Amino acid sequence: MDARAIHHLGVAVEDLDEAIETYARLFGGELERRDRVEEQGVEAAAVRVGSSRVELLAATGAETPVGKFLAKRGPGMHHVAYSVADIHEALRSLAREGAQLIDEEPQPGLFGLQVAFVHPDSVHGVLAEVVSDGG
């Protein structure tokens with residue numbers, strides 16, 4: 001798989017409004033988009049910091065993936081997302097290379113993206129996400 005770029009860094013937060021304000025105040029972050037995906041149990045804000053993006057993730061409930069993450073680890077680094085041209089081909093390539101896929105098929109993600117996750121055990125302890133705006 002050839003990733004085009006790091007699309008964003010995902011950070012789990014307890015209070016989304018407070019986190020948006022913190023990134024604006026400390027790093028000059030500008031709110032790009034804010035959205036909610038009920039199927040994933042998450043409300044997120046994409047914050048631009050220069051030419052990069054941080055995705056701030058707040059759980060919509062304790063039993064959601066981000067809710068469980070926060071309960072176990074507290075706020076902090078959640079995942080690294082890689083931009084790919086063709087998410088189906090990326091998943092096939094990752095599987096061929098032995099990566100443990102959490103999602104074998106792309107799922108609808110935030111902001112109209114197609115997303116799929118790769119288990120942290122395959123990526124030295126870091127949850128990885130592949131994202132595509134098409135394909």
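Predicted model: local features only at pLDDT ≥ 70, side-chain atom pairs only at ≥ 80, totals over all residues.

Reply: Happy to. A word on terms before we start: a residue is called buried when its relative accessible area is under 20%, and exposed when that value is over 50%.

Helix α1 covers residues 16–27, 12 residues in total. From its first C-alpha to its last it reaches 16 Å, close to the 16 Å expected at 1.5 Å a residue. Four of its residues, Leu16, Ala19, Ile20 and Tyr23, are buried. They lie on the same side of α1, because the arc they cover around the axis is only 100 degrees. On the face turned away from the buried side, α1 carries the exposed residues Glu18 and Arg25.

Now for the two ends. Where α1 starts, a side-chain oxygen of aspartate 15 comes to within 3.1 Å of the backbone nitrogen of aspartate 17. Just after α1, glycine 28 adopts a positive phi of about 70 degrees.

What covers the buried residues of α1? The cover includes the strands β1 (5–12), β2, β3 and β4 (52–59). These strands belong to an open sheet of 8 strands with mixed pairing, in the order β2-β3-β4-β1-β5-β8-β7-β6. Strands β2 and β6 (107–108) stand at the edges with a single partner strand each, so one side of each has no neighbour in the sheet.

Strand β2 (residues 30–37) pairs with β3 (residues 42–49) in the antiparallel sense, over 7 bridges. Along this pairing, arginine 34 stands opposite alanine 45 in β3, and valine 37 stands opposite valine 42 in β3. The two strands form a hairpin with 4 residues between them. In that turn, glycine 41 has a positive phi of about 65 degrees.

Helix α2 (residues 65–73) lies across β1, β3, β4 and β5 (76–83), and runs at about 85 degrees to β4.

How values were computed
Residues numbered from 1 in each chain as written. Heavy atoms only, no water. Pairing = 2+ DSSP bridges. Expected span 1.5 Å × (residues − 1). Buried < 20%, exposed > 50% of the residue type's maximum accessible area, 1.4 Å probe, protein only. Arc of directions from axis to C-beta. Contact = heavy atoms within 4.5 Å. Polar contact = N/O pair within 3.5 Å; in protein donor to acceptor, adjacent residues only side chain to side chain. Axes fitted to C-alpha atoms, helices over the stretch in contact; angles between N-to-C directions.
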